[in-house]
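Keep the sequence and the 3D view open side by side.

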Amino acid sequence: MRQKILFLTLCALLFSTTPCFPQPKNEFSISAGFSQLKDEFNQGLVYNGPQISVQYQRNWLFEKWELRYKPKFACGLLFNRKMDVSNINFVPVDFSGIVTVFQKDGHTFRVGLNLATNYSYQMYSSQHMSNLFWYSEVGIAPCVEYTYQWKQSKIKLFVQNSLAGFVSRTESIGHYFYSFKFADFFVRPHQNMKFGSFDKYNHTNVSIEYFPNVSKKHSIVLGVAYIDYYFSKRFQTLNYYLQWKISF
């Protein structure tokens, strides 16, 4: 009995000190942005308008690398030429593995790889042939991150660009309908997926983050997200956003 107690005690001490079981860190953010959307399949019209998003991020810090999981939900109502489009963006899976390759005198350089699923839905309710449009992506993307800290302030530059993945989008328009069935949001976006790389689609994320005081655990982010799909009819989105983030 004493041997079992001693064994369990040693295991508890080992697991509590090993870097294989790090203490996770949580982050929550709210962002307000301006989105532009152009869909050649929809007469090539361009829509402009605001977009609001919320994002949760969980970080696991290891000795030399970091694992991040950051799902996101965003929505907006875009206007142009007295027409409106409801826009929803949902990112349920977004994992990044980041490795520190250089760290000295406040300068830190990290590289990593991202795996994410990205779903966008648009409803052009003002048009005669209204239809639920979608864009879905399951892709991998390398990323680079540079941070510099002086005293209690810090700045972070992050760049990520798609490498390859599977992409699907609306390819046909049916009759006029408003449909919010499970299949419209989770089955159809996984149909007719095509594999591609730089010759078929591009997804880029660039952001700069400023920490006024690292001990306060909050920061401000200015970012740009761009998607360009050109298998057949071209689909493009460009989103500028300002984000407030807090860690806990």
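Trp65 is partly exposed, with a relative accessible area of 37%. The bands are these: buried is under 20% relative accessible area, exposed is over 50%, and partly exposed lies in between, with a 1.4 Å probe and protein chains only. Phe62 is also partly exposed, at 23%. This is a predicted model, in which local features need pLDDT of at least 70 and side-chain atom pairs count only at pLDDT 80 or more, while totals for chains, interfaces and linings use all residues. Residues are numbered from 1 along each chain as its sequence is written, and side-chain values use heavy atoms, with hydrogens and water left out.

How are the rings of Phe62 and Trp65 arranged as an aromatic pair? They are stacked, 4.3 Å centre to centre with 0° between the planes. Rings of Phe, Tyr and Trp (its six-membered ring) pair if their centres lie within 6.5 Å; planes under 30 degrees apart are stacked, over 60 edge-to-face, and the rest tilted. The count is seven aromatic pairs. Ring pairs also link Tyr135, Tyr229, Phe231 and Phe235 into a cluster.

Charges meet rings too. Lys154 lies over the face of Phe211, 4.6 Å from the ring centre. The charged end of Lys70 sits over the ring of Phe158, at 5.1 Å from its centre. The rule asks for NZ of Lys or CZ of Arg within 6 Å of the ring centre and within 35 degrees of the ring normal.

Now the interior. In soluble globular proteins, nonpolar side chains tend to be buried together. The largest nonpolar core here has 13 residues, and Tyr124, Tyr135, Val167 and Tyr229 touch the most other members. S7 and strand S12 (218–229) are the elements that give two or more residues to this core. Another core lies apart from it, with six residues, among them Tyr121, Leu132, Trp134 and Phe185. A core is a set of buried Ala, Val, Leu, Ile, Met, Phe, Trp, Tyr and Cys residues joined through side-chain atoms within 4.5 Å.

Asp39 is in strand S1 (residues 24–39) and has a relative accessible area of 2%. Its side chain makes a polar contact of 2.6 Å with the side chain of Arg169. Such a contact is a pair of N or O atoms within 3.5 Å; within protein, one must be able to donate a hydrogen and the other to accept it, and residues adjacent in sequence count only if both atoms are side-chain atoms. Glu209, in strand S11 (residues 201–211), is buried at 6%. A polar contact of 2.5 Å joins the side chains of Glu209 and Ser219. Beyond four places in sequence, the contacts of Glu209 (heavy atoms within 4.5 Å) include Lys154, Ile155 and Lys245.

Turn to two loops. Asp105 sits between strand S5 (83–104) and strand S6 (107–123). Its phi is near 50°, positive in a residue other than glycine, and Asp105 is exposed at 64%. Lys151 lies in the loop between strand S7 (132–150) and strand S8 (153–161). Lys151 has a positive phi of about 55° and is exposed at 79%.

Finally, the whole chain. It has two helices and 13 strands, taken as DSSP runs numbered from the N terminus (helices H or I, at least four residues; strands E, at least two). Of its 248 residues, 41% are buried.
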